[in-house]
Amino acid sequence: MEFSFYLPTKIEFGCKAIWKTGDLAKEAGAQKILLIADKGIVSTQIYSDVKTSLEQAELQVFEFNQIVANPRIKDCEAGAEFAMDKQIDFLVAVGGGSSMDTGKAIAGMLGHHTTDFSVIQYPKEYTNDSYPLICIPTTAGTGSEVSICGVVTDEETKTKVFCFDPKCHARIAICDPEVLMGLPNKIAAATALDALTHAIEGFVAKCTNPITESYGIRAIKLISENIRDYVFNRNIQNCEAIMLGSLFAGISFGYSDTCAVHSLSETIGGEYDTPHGVANAIFLANVTEYSIAGAVDKYAEIARAMGIFKQGTKRELCKELVRELKQLVKDLDIPKFSEIPKVNKDDFERLAQKCAVHLSAADNPKAIGYEEFLNILTKTYEE
Ligand SMILES: [Fe+2]
């Protein structure tokens, strides 16, 4: 066995940790801050607390909130242009994956003295460091605060593209469980299922290693034990558990890979603008059912981590896992695939082709290609 592992992101975890933002940025040498947030976050107390913390540290703050869900390349490039114009030297991104991924894309472009995303777009490797970035997740799902990847949408091709490089990491992740208390139930459910998908895929991916496996299995336990109460009976203890689960899941997949669930969800998201967590939740059980044969021992371990203690063979345990994943998605009121706006069966052949060449498909524990993706799309639509 051979692997290397280096986590370059400092993690500040705890209630009221967002109030450390100003001091942490100042300690890191910041003077002029680009504060990035989507429009939904800008009107919240969380955003105002982060901004106050930066101002109390006597830092100059420039605000950028030209961000939509499934963020667009052109908006990231506009952010880089704005940052260059203001001579920004440090970035703070507050929000879900959209804000943090936009932050990573802008930080990467600034590091390469460009406002052209194609300069850092995967498979291109970074030649320079990104500008320093603090990520503050306001949902527990994306894990972007600790991964080395940013996902943005190319509007022309309706495809998700990446900046993906060891240099594409946040300098500091501030994880404050209190920020989750006010999340609408629907967003809490979808984002936590995204985190669960990261944990499962980070654990079973072909390229995983003992460290990412350890984070993944611990995340699966934390998330599955708390997810139903977190969505419907929220308190600070289950917020803490889910924030930690999402963070561990981020380290797991962020330093291994996601698998075929994300090939489907990112293809669907690029095509129909479906919220990322919803798209993952829709395909999680059926991709798991397909993939079990490639990693029976691991899926049985996931079943046990999720509290399934059925007597019998590992295969029987795995069957129960699929049943529990279906039940969980149903209990959390995730819509069916056929209920997603704009979804059209006539697109499935084209979507399956896109899935088959998606970056993460190759790391699925059981080989998967066009035919299998087409089957899963059709089966999930007809359920
Ligand atoms: Fe994800």
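A: Helices here are DSSP runs of H or I with at least four residues; strands are runs of E with at least two, and both are numbered from the N terminus. The model is a predicted one.

Start with the overall division. The protein splits into domain 1, residues 10-180, and domain 2, residues 185-382. Their C-alpha centres are 26 Å apart. Where the two domains meet, 30 residues of domain 1 and 30 residues of domain 2 take part in the contact.

Now go inside. The largest nonpolar core has 107 residues. Six of them touch the most other members: Val92, Leu196, Ile220, Tyr230, Phe283 and Ile302. Helix α6, residues 185-204, gives the largest share, eleven residues. At least three residues come from each of domain 1 and domain 2. In general, nonpolar side chains tend to be buried together in soluble globular proteins.

Take Val92 as an example. Beyond its neighbours within four places in sequence, Val92 contacts Thr21, Ile33, Leu34, Leu35, Ile36, Val50, Leu54, Leu133, Ile134 and Ile136. Another core, of 28 residues, lies apart from the largest one. Its members include Leu34, Cys76, Ala80 and Cys163.

Strand β8 also belongs to the interior. It covers residues 172-175, and both of its faces are covered. Ile172 and Ile174 are buried on one side. Ala173 and Cys175 are buried on the other. Two strands pair with β8. Strand β1, residues 10-13, runs parallel to β8 and is joined to it by four bridges. There, Ile11 has Ala173 as its bridge partner. Strand β5, residues 133-137, is also parallel to β8, with two bridges. There, Ile134 is partnered with Ile172. Ile134 is also among the contacts of Val92.

Next comes the metal. Asp194 (OD), His198 (NE2), His262 (NE2) and His276 (NE2) coordinate the iron ion at 2.1 to 2.3 Å. Along the chain, the donors are spaced as D-x3-H-x63-H-x13-H. The pair of His198 and His262 links distant parts of the chain, 64 residues apart. His198 sits in helix α6, and His262 sits in helix α9, residues 260-272. Is His198 buried or exposed? Its relative accessibility is 2%, so His198 counts as buried. His262 is also buried, because its relative accessibility is 2%. The four donor atoms subtend angles of 81 to 169 degrees, so the arrangement is irregular. A tetrahedral site would need all angles between 85 and 135 degrees.

Finally, look at the loops. Most residues other than glycine have a negative phi, and most peptide bonds are trans. Tyr122 and Pro123 are joined by a cis peptide bond, with omega about 15 degrees. Pro123 lies in the loop between α5 (97-111) and β5. Lys16 is not a glycine, yet its phi is positive, about 70 degrees. It is in the loop between β1 and α1 (21-27). Lys16 is partly exposed, at 48% relative accessible area. Lys342 is not a glycine either, and its phi is about 75 degrees. Lys342 lies in the loop between α12 (314-331) and α13 (348-356). Its relative accessibility is 59%, so Lys342 counts as exposed.

Conventions. Residues numbered from 1 in each chain as written. Predicted model: local features only at pLDDT ≥ 70, side-chain atom pairs only at ≥ 80, totals over all residues. Heavy atoms only, no water. Core = buried A, V, L, I, M, F, W, Y, C linked by side-chain atoms within 4.5 Å. Buried < 20%, exposed > 50% of the residue type's maximum accessible area, 1.4 Å probe, protein only. Domains from an automatic or database assignment. Contact = heavy atoms within 4.5 Å. Donors = N, O, S within 2.8 Å, 3.2 Å for Na, K, Ca; no water. Tetrahedral: all angles 85-135°; square planar, octahedral: opposite > 155°, others 65-115°. Pairing = 2+ DSSP bridges.
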